[in-house]
Amino acid sequence: MEEKLSQKSTKFVEDLKLYLFSSGKKDAEIEDIIHELEDHLYEAESKGKSIEQIIGSSPKDYMQSISEEMRTDYKGWAKYIPLLIVGPMSYTVFRDLISGTLSYGILTIIGSIILSFLFFAGVMAAFRYTASRQVSRKKEFFLLLLPGMLNFFFISAILLIDLLYPSPVIQFGIIGSYMIGILFLGLIIFFSVWAKTAILPVTMLALYLPELALSQTSLSEVTQMVTSMVITYMIIGIYLLYILKREKMKV
């Protein structure tokens, strides 16, 4: 049905699917809504009606009304919770393993877990925003990068606070550190296969490869850090755009 719709209607259907997906709705119910809307739009267009006559003047309001009529798939989205915790913490674990044994303040551990959830919520909010509004590619790219950038600054603030006002520290020792490293590696592989998403491996590569590559250059430490950060967020942003496009193409 998609090829028979006008370009404007096709884009709206794609955006609606992304909006419902990022609102935590069940895949099967999203497909039913999408197919029903496609049929409705095609029938209306064949009679010379515009998409505005079907959805109204505000695509955002229409999407919200559809979303409010559907139940949130909390059980289906629960599979992402381990990814939220394991992902950000695994970066810290692997980075620190390269330097030596693991030891973390309780404030850092708790703060990292909380920020993981905030980061996920931020990405989903960015998806919903770009889907419900007509934004340029440049703005879309920036909005999808924004949660990651904010997360970076927040975790840096937590580490600074923990440095200035130390909380109790947990020391894991050599054997404990390597066991935790192996555990996190296994969790990354397991949850990536289970959730059928490559976001964790891609993020890990984006976080480590630029840093490792730049460490072999003669650039200053500050230049390496800034350049590595920019490349990392570019890679993550491009991957998020890929996910966004893939979800739209599933319509």
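Leu160 is partly exposed, with a relative accessible area of 48%; this class lies between buried, under 20%, and exposed, over 50%, with a 1.4 Å probe and protein chains only. Leu160 belongs to helix 8, helices being DSSP runs (H or I) of at least four residues, numbered from the N terminus. The model is predicted: local features need pLDDT of at least 70, side-chain atom pairs count only at pLDDT 80 or more, and totals for chains, interfaces and linings use all residues. Residues are numbered from 1 along each chain as its sequence is written, and side-chain values use heavy atoms, without hydrogens and water.

Helix 2 (residues 27-46) contains 20 residues and spans 28 Å from its first C-alpha to its last, close to the 28 Å expected at 1.5 Å a residue; the expected span is 1.5 Å times one less than the number of residues. Its residues Ile30, Ile34, Leu37, Glu38, Leu41 and Ala44 are buried. These residues lie on the same side of helix 2 because they cover an arc of only 135° around the axis, taken from the directions from the helix axis to the C-beta atoms. Asp32, Glu36 and Ser46, on the other side of helix 2, are exposed. The buried residues of helix 2 pack against helix 1 (7-22), helix 3 (52-55) and helix 4 (59-68), contact meaning heavy atoms within 4.5 Å.

Key
Helices (H or I, at least four residues) and strands (E, at least two) are DSSP runs, numbered from the N terminus.
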